[in-house]
Amino acid sequence: MSEGAPELSIVVPVFKEGEAVDPVMRALTAAIATPHEILIVYDFDEDPTVPVIERLHADLPARRAP
């Protein structure tokens with residue numbers, strides 16, 4: 001693997017989770033010591049989860065969303 005590349009990819013599908021995704025993302029990040037990325041998959045930009053995951057990006061840089 002190249003330097004800085006994650007060893008683990010975690011895929012988290014979401015659908016209208018809103019604020020409920022916050023503690024899940026924080027718990028995942030805290031529990032995993034392996035270099036990782038968290039891929040958040042959602043169906044539509046108006047999903048109320050999207051603003052929450054965008055806000056979390058500053059605190060949880062392993063988070064990725066398309």
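The following stops state what to select and what is found there. Note at the outset that this is a predicted model.

**Stop 1: the nonpolar core**

Select Val14, Val21, Met25, Ile38 and Ile40. In the largest nonpolar core, which has 13 residues, these five touch the most other members. Next, colour four elements: strand E1 (8–13), helix H1 (21–31), strand E2 (36–41) and helix H2 (49–56). At least two residues of this core come from each of them. The element that gives the most is H2, with four residues.

**Stop 2: helix H2**

Keep H2 and display the side chains of Thr49, Val50, Val52, Ile53 and Leu56, which are the buried residues of this helix. Turn the view until it runs down the axis of H2: the buried residues fall within an arc of 165°, and therefore line one face of the helix. As background, residues three or four places apart in an α-helix point the same way, because there are 3.6 residues a turn.

**Stop 3: the aromatic pair**

Which two residues form an aromatic pair, and in what geometry? Select Phe15 and Phe44: their rings are arranged edge-to-face, at 6.0 Å centre to centre and with 70° between the planes. The count of aromatic pairs comes to one. The two partners are 29 residues apart and link distant parts of the chain, with Phe15 in the loop between E1 and H1 and Phe44 in the loop between E2 and H2.

Phe15 has a relative accessible area of 47% and is partly exposed. Phe44 is likewise partly exposed, at 26% relative accessibility.

**Stop 4: Lys16**

Move to Lys16, in the loop between E1 and H1. Is this residue buried or exposed? Lys16 has a relative accessibility of 52%; it counts as exposed because the cut-off is over 50%. For context, most residues other than glycine have a negative phi.

**Stop 5**

Finally, select Glu37, located in strand E2. At 12% relative accessibility, Glu37 falls under the 20% limit and so counts as buried.

How values were computed:
Residues are numbered from 1 along each chain as its sequence is written. This is a predicted model: local features need pLDDT of at least 70, side-chain atom pairs count only at pLDDT 80 or more; totals for chains, interfaces and linings use all residues. Side-chain values use heavy atoms; hydrogens and water are left out. A nonpolar core is a set of buried Ala, Val, Leu, Ile, Met, Phe, Trp, Tyr and Cys residues joined through side-chain atoms within 4.5 Å. Buried means under 20% relative accessible area, exposed over 50%, partly exposed in between (1.4 Å probe, protein chains only). The arc is that of the directions from the helix axis to the C-beta atoms. Rings of Phe, Tyr and Trp (its six-membered ring) pair if their centres lie within 6.5 Å; planes under 30 degrees apart count as stacked, over 60 as edge-to-face and the rest as tilted.
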